[in-house]
Amino acid sequence: MLADMFVKEIVSKSTHARSRLEKWIEIDHEWVGRAGWVLLTNMAMDSSSDLTDQELGGYLDRIEREIQEARNLTRDAMNSSLIAIGIRSAAQGSRPFRPPDGSGRLWLITVRPNAKHLSRLPILAAPGTER
């Protein structure tokens, strides 16, 4: 999408990236919200960005809470952010994540060093629960 390319090539490299990220993900408009999450994805993939592991963990928590109710294009970008954060941050690379699919399952989000993708391994939500 053209907007995604604009965010990646222009906004993510500007001095306004951080302020746009924080503002755009708050806006309840499908395209603007998507732009905010695309920006987060690009910043998370850029090892020189000033995002901390603690901040990225906060975004993971937010994704976990909000992805199910997000609009389609925003949800798609949130999913990309989840993957980018998992790949970027070893500190956040292995943690339980409960997708909002109603199954009650937990997924362990894992990232191996130099990984090109995120691995999801189902884990038990409670003793005796099927995988």
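With which side chain does the side chain of Asp4 make a polar contact? The partner is the side chain of Arg34, at 2.7 Å; a polar contact is a pair of N or O atoms within 3.5 Å, where within protein one must be able to donate a hydrogen and the other to accept it, and residues adjacent in sequence count only if both atoms are side-chain atoms. This is a predicted model, in which local features need pLDDT of at least 70 and side-chain atom pairs count only at pLDDT 80 or more, while totals for chains, interfaces and linings use all residues. Residues are numbered from 1 along each chain as its sequence is written, and side-chain values use heavy atoms, with hydrogens and water left out.

**Overall layout**
- The protein chain has 5 helices and 3 strands, where helices (H or I, at least four residues) and strands (E, at least two) are DSSP runs numbered from the N terminus.
- Along the sequence the pattern is α-α-α-α-α-β-β-β.
- Of the 131 residues, 39% are buried (under 20% relative accessible area, with exposed over 50% and partly exposed in between, using a 1.4 Å probe and protein chains only).

**Confidence**
- The chain averages a pLDDT of 76, and 67% of the residues score at least 70; pLDDT is the predictor's confidence in each residue, from 0 to 100.
- Residues 115-131 have a pLDDT below 50, yet beyond near neighbours in sequence this stretch has 36 contacts in the model (heavy atoms within 4.5 Å).

**Asp4**
- Asp4 is in helix H1, residues 2-9, and is buried at a relative accessible area of 15%.
- Neighbours within four places in sequence aside, Asp4 is in contact with Arg34 and Val38.

**Nonpolar core**
- The largest nonpolar core has 25 residues, and those with the most contacts inside it include Leu21, Trp37 and Tyr59; such a core is a set of buried Ala, Val, Leu, Ile, Met, Phe, Trp, Tyr and Cys residues joined through side-chain atoms within 4.5 Å.
- Helices H2 (17-24), H3 (30-45), H4 (53-66) and H5 (72-88) each give two or more residues to this core.
- The largest share, 7 residues, comes from H3.

**Aromatic pair**
- The structure holds 1 aromatic pair: Trp37 and Tyr59, edge-to-face, 6.2 Å centre to centre with 85° between the planes.
- Rings of Phe, Tyr and Trp (its six-membered ring) pair if their centres lie within 6.5 Å; planes under 30 degrees apart count as stacked, over 60 as edge-to-face and the rest as tilted.
- Trp37 lies in H3 and Tyr59 in H4, so the pair ties together parts 22 residues apart in sequence.
- Trp37 is buried at 2% relative accessible area, and Tyr59 is buried at 11%.
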